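Please guide me through the reading of a structural model, feature by feature.

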Amino acid sequence: MPGQQRELQFQFLAQPTDVNFGGKMHGGAVLRWIDQTGYASAVAWSCKYCVTVAIGGIEFVAPILIGDLVRVNCKLVHTGTSSMHFMVEVIARDLRSTEERLATHCVMTFVALDAPDGKPTPVPKWVPVSEEDQSLARYALKVMEVGKRIDQEAAALRPAWLFPVRGS
């Protein structure tokens, strides 16, 4: 049922096939976990096909090591007309202890579509009630605002020859 499942959590095991030469998790593997959990969360909230439109404020805080149990927490913190913003935390733990550490966090934005190649479609509205939820919603919007400004500045700086317009 749309608009019911606000949080989702996936768990992964850091395997030797997902590490770089230094014995730590490859960033691409962590981003894949984030994307999988985010996509599942967006679909669970909207009950629609969804696409990732932005990842902002990503910070790799601590390494993930081979054999770590990794938990990816995804929590809806803001909705627009067809967009959903999620706070994502990646928590790692050595299975030989109970001590957890924040490895990565970010904000992801998804848009619901009426079909896989379709147009944006409305999502159930979520309204923050608690002070913590209001704070998370403000944070998500600020992270996305900063991301848009960076994109605009990068586009203004980009040399015309770097990405020529086709057909001209």
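A: The model is predicted: local features need pLDDT of at least 70, side-chain atom pairs count only at pLDDT 80 or more, and totals for chains, interfaces and linings use all residues. Residues are numbered from 1 along each chain as its sequence is written, and side-chain values use heavy atoms, without hydrogens and water.

Q: In what order do the elements of the chain run from the N terminus?

A: Helices (H or I, at least four residues) and strands (E, at least two) are DSSP runs, numbered from the N terminus. The chain has two helices and five strands, in the order β-α-β-β-β-β-α. Its C-alpha trace spans about 55 × 45 × 30 Å along the principal axes.

Q: What percentage of the residues in the chain is buried?

A: Buried means under 20% relative accessible area, exposed over 50%, and partly exposed in between (1.4 Å probe, protein chains only). Of the 168 residues in the chain, 36% are buried.

Q: What share of the contacts with a separation of 6 or more joins residues 24 or more positions apart?

A: A contact means heavy atoms within 4.5 Å. Residues 24 or more positions apart account for 70% of the contacts in that set.

Q: Which element gives the largest share of the nonpolar patch?

A: Strand S2 (residues 49–60) gives the largest share, three residues. The patch members are Leu31, Ile55, Ile58 and Phe60. Leu31 lies in helix H1 (residues 27–46).

Q: Is Leu31 buried, partly exposed or exposed?

A: Leu31 is partly exposed, because its relative accessible area is 35%.

Notes:
Patch = residues over 30% accessible without salt bridge, like charges linked within 9 Å, V, L, I, M, F, W, Y side chains within 5 Å. Areas by Shrake-Rupley, 256 points an atom, 1.4 Å probe, with all protein chains shown as cover. Salt bridge = Lys/Arg side-chain N within 4 Å of Asp/Glu carboxyl O.
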